[in-house]
Amino acid sequence: MKLLRFMLSAVVLISLSIVTFAKVDGQKSEAQKSFDNLKSLAGSWEGHVTTVPQEAEIEGKLMQVTLRVTSMGNALVHEMTGAGRPDDPITMLYLDGDRLLLTHYCDAGNRPRMVGRMSPDGKTVEFDFLDVAGSTEYGHMHHAVFTVIDANHHIEDWTYMMPGDKPVHAHFDLQRTK
């Protein structure tokens, strides 16, 4: 009889655990869904940049982007390089509670943070400026949009605020290389 009660208790506990896990897993936050969507971009990409207003230094250049999931799946590293540059800024994307955050380690010497939100169709994650650490004397990154077209094509739009709050928009149409 004791064995039967023990077995019944174990079955009930296991069933409750499965139901609880299914509810938690099925109720992902918007931030988690957005982050999972962006992690699907892990890999190497390349494409040309267009800028508005035109920035002769980078206009039309071929850019390489690498996205790598790291920190046991808790962060996404975004690195972008272009012809004639020894390196470029690094951007980290990560969850902070119920928010998807982006920290951009800028070559202007500052670190702007942005908060992400996903579009209703789930294909676009837009990041809005939150705050910045460091000097903004040379400007700062202010806005970013990632749009997933398909598994081998995505678009990135970045807005940099020049001194005097003059925006420069950079559009990257990227194709997966591996």
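## Hairpins around E9

Two residues make up the link in the hairpin that takes E8 into E9. This is a predicted model, in which local features need pLDDT of at least 70, side-chain atom pairs count only at pLDDT 80 or more, and totals for chains, interfaces and linings use all residues. Residues are numbered from 1 along each chain as its sequence is written, and side-chain values use heavy atoms, with hydrogens and water left out. Helices (H or I, at least four residues) and strands (E, at least two) are DSSP runs, numbered from the N terminus.

E8 and E9 run antiparallel and are joined by nine bridges; two strands pair if DSSP finds at least two bridges between them. Looking across this pair, His140 has Met161 of E9 as its bridge partner. On to the next pair: E9 and strand E10 (residues 166-176) are also antiparallel, with ten bridges between them. Here His154 is placed opposite Leu174 in E10. The E9–E10 hairpin has three residues between its strands, and Gly164 in the turn shows a positive phi of about 85°.

How enclosed is strand E9 (residues 153-162) by the rest of the structure? Eight of its ten residues are buried, so E9 is largely enclosed. Buried means under 20% relative accessible area, exposed over 50%, and partly exposed in between (1.4 Å probe, protein chains only).

## The overall layout

Let's step back to the whole protein. Its secondary structure comes to two helices and ten strands, and the order along the sequence is α-α-β-β-β-β-β-β-β-β-β-β. Of the 178 residues, 34% are buried. Contact means heavy atoms within 4.5 Å; among contacts between residues at least 6 apart in sequence, 37% join residues at least 24 apart.

The protein exposes about 10,500 Å², and carbon and sulfur atoms supply 60% of that area. Accessible areas come from the Shrake-Rupley method with a 1.4 Å probe, and for residues only the protein chains shown count as cover.

## Strand E5 and its partners

E5 is another strand worth a visit. Five of its seven residues are buried, so E5 is largely enclosed by the rest of the structure. With E4 it runs antiparallel through seven bridges, and Met92 has Thr103 of E5 as its bridge partner. The hairpin of E4 and E5 has two residues between the strands, and Gly97 takes a positive phi near 65° there.

E5 and E6 are antiparallel as well, joined by four bridges. Leu102 finds its bridge partner in Met114 of E6. Five residues lie between the strands of this hairpin, and Gly109 in the turn has a positive phi of about 90°.

## Met114 in E6

Met114, a residue of strand E6, has a relative accessible area of 0% and is therefore buried. Leaving aside neighbours within four places in sequence, the contacts of Met114 include Leu100, Leu101, Phe127, Phe129, Met141 and His143. Glu126 is twelve residues from Met114 along the chain, and their C-alpha atoms are separated by 9.1 Å.

## The buried side of H2

Which residues of helix H2 (residues 30-39) are buried? They are Ala31, Ser34, Phe35, Asn37 and Leu38. These residues lie on the same side of H2 because they cover an arc of only 160° around the axis, where the arc is that of the directions from the helix axis to the C-beta atoms. Their cover includes strands E3 (75-82), E4 (90-96), E5 (99-105), E6 (111-118), E7 (124-133) and E8 (140-150).

Ser34, found in helix H2, counts as buried because its relative accessibility is 1%. Beyond its neighbours within four places in sequence, Ser34 is in contact with Leu100, Arg117, Met118 and Val125.

## The largest pocket

A pocket is found on a 1 Å grid over the protein atoms alone, as an open set of points where a 1.4 Å probe fits, with protein on both sides within 12 Å along at least five of seven lines; lining residues have an atom within 4 Å of a point. Grid points are joined across faces, edges and corners, and a volume is the space filled by probe spheres set on the points.

The largest pocket holds about 610 Å³ of space. Of the 22 residues that line it, the closest to its centre are Ile58, Arg85, Asp107, Met141 and Tyr160. E3, E9 and E10 each supply at least two residues of this lining.
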